[in-house]
Amino acid sequence: MTLCLTPEDEPPAEAGGSGEAVNVLPFRRPGAGAVARPRLHLSPPELAGGEMEALEETLRSGWLAPAGPIPKAFETAFEAVSGFGHALATSSGTAALHLGYRVLDVAPGDEVWAPTLTFVATVAPAAQMGARITFLDVSRETWTLDPELLRDALAQAAREGRLPRVVVPVDLYGQCADLDAIVAACDRWGVPVMSDSAESLGAMGRGRAAGQGARLACFSFNGNKIVTAGGGGALVSDDPGLIASARHLGMQAKEAAPHYQHETTGYSYGFSSVLAAVGLVQLRALQARVAARRAVFARYVAALADLPGISFMPEPAWGRSSRWLSVMLIDPERFGADREMARRALDEAGIESRPVWKPLHLQPAFRGARSIGGGIAAGLFERGLCLPSGAMAPGEQARVIEVIRRLARG
Ligand SMILES: *Cc1c(COP(=O)(O)O)cnc(C)c1O
C-alpha cells in the first residue's frame, strides 16, 4: 500500500505544548517546494538510517506484540544508555510516570511535589490518582527544581507531619536538575525521588547521565524527543523489585495462572515490538544528536547574544545539557519587542517557536493546588521562547536568526 499525501495532509501547526506540535514526519507539500518554503518546526523527528530495514525484519519475524525479544533487546540497550540496572519499556513517557507513581504506592490524599516549570505529564497521572500536588519554584541557574527551596520546604513539612510520598524533579529542555542536592534533601526524610527525564536523554549532571541517583527515572520516545520510536517511554531503576512490579502492573497485572488471576488491576502499557525496532536503531544516534543540538544552540548564541535584551538558558558548570530545545530569553524593555511579538514574527516567516512551559501552578487544571514560590518560573514563561532545535540546514537556522535580528532593529 502506498501512503499518498495530499496538500491537506500537512502536519498541524498549533497542536500541543512546547515541542509537542510535530509528532508526524514533516511531509512537504508536493510540488510547492520551489515557491513556498517548508515550515520550520521546533523539534521534528529525524531518521537515524536503518529504521526501514529494522521494521521490515520485525514485520517478517512475526513479533508484533508488546512482548518478546525485540522490546527485551530495547530494554537491554536502554539500560546501557541510561546507566540504570533495570529498564521497563512502556507505551509512553506518561505511562512510565504513572507506573512509577503506582510502584511508589501513591494513594489518594498523598502529597506529590514537583517543579512548577514543566509539561503537564510530570504530574497528571498523580493528580488522576487523587494525589495532592505541591508545586515548587525553579532556580535561576538551571531552571530546574531549586534544591534549597526544597530543603526548607521539606523541613517545614516534616514539622507539620505532611511529608510528600515522592518528589519528582524534572530535567528541563535537556538540562539535568541538581539531583545530588535534591536526593540529599529527600534522603534526610526518607522521601523517594523519581526523576522526570523525558526531555533529557543524553544530558549529563555532575558527570552522570540524566536521572542517575534517583530511585526511579522516566524517559520518553515521543516524536518530538531527541530519540524517538514514534511513541514510547521507559521507567528505569537500580531496584529490580520496583521494575518487576511496574512490569506486572503495565501488563494488566496478570498472575501466573492459565485463566489470568488478578490480585489488583493494572494497565495496558506495553511497548510494541514495531516501535522497539525503530527505537533500537534510534538509540545508536543519541550521541551524534546531542552534539548536533549543542551546535544549533551555539550558533544561536554566536548570532544573537550581542543583541540588547537577549540571553539564553544557562548551563551550570557541573552540567552538560543535551540542548534538546534551544531557549532564548527576551527582555522586552531592552530588546524593543516582547516574547509574543517575536513568536508571531517567526510564525509569519513560517517558523515554529513556542513559549517556555506555562508554570503548572498558573494552569486552571491545578487551581487551588499549593505552590511554594513560582515567581522565577512565571518570569521565564513571560520572557522565554523555544526555538527550532532539530536538524536544520545552515540556511534554515539563518532564517530564524534573521527574523530575530530584524525585530531588534525594528
Ligand atoms: C514529553 C514529556 C513527557 C511525556 O512523555 P510522552 O511520551 O509524551 O507521554 C513527560 N514529561 C515531560 C517533561 C515531557 O517533556
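At what angle do the axes of helix α5 (residues 147-160) and helix α6 (residues 179-187) cross, and within what distance do they come? In this predicted model, the two axes come within 9 Å and cross at roughly 5 degrees. Because angles under 35 degrees count as roughly parallel, α5 is described as roughly parallel to α6. On the side of α5, the contact is made by P147, L150, R151 and L154, while α6 contributes A181, I182, A185 and C186. When these residues are sorted by class, the contact of α5 with α6 is found to have seven nonpolar residues and one charged residue, with no polar residues.

The surroundings of the ligand were examined next. The ligand is surrounded by 15 residues, of which the closest are G93, T94, E199, S220 and K225. Divided by class, the residues of the shell comprise four nonpolar, eight polar and three charged.

An N or O atom in the side chain of T94 is 2.5 Å from an oxygen atom of the ligand, and a polar side-chain atom of E199 lies 2.7 Å from an oxygen atom of the ligand.

Technical notes: Residues numbered from 1 in each chain as written. Predicted model: local features only at pLDDT ≥ 70, side-chain atom pairs only at ≥ 80, totals over all residues. Heavy atoms only, no water. Near = heavy atom within 4 Å. Polar contact = N/O pair within 3.5 Å; in protein donor to acceptor, adjacent residues only side chain to side chain. Nonpolar A, V, L, I, M, F, W, Y, C, P; charged D, E, K, R; others polar. Axes fitted to C-alpha atoms, helices over the stretch in contact; angles between N-to-C directions. Helix = DSSP H or I, 4+ residues; strand = E, 2+ residues; numbered from the N terminus. Parallel < 35°, antiparallel > 145°, perpendicular 65-115°, else oblique. Contact = heavy atoms within 4.5 Å.
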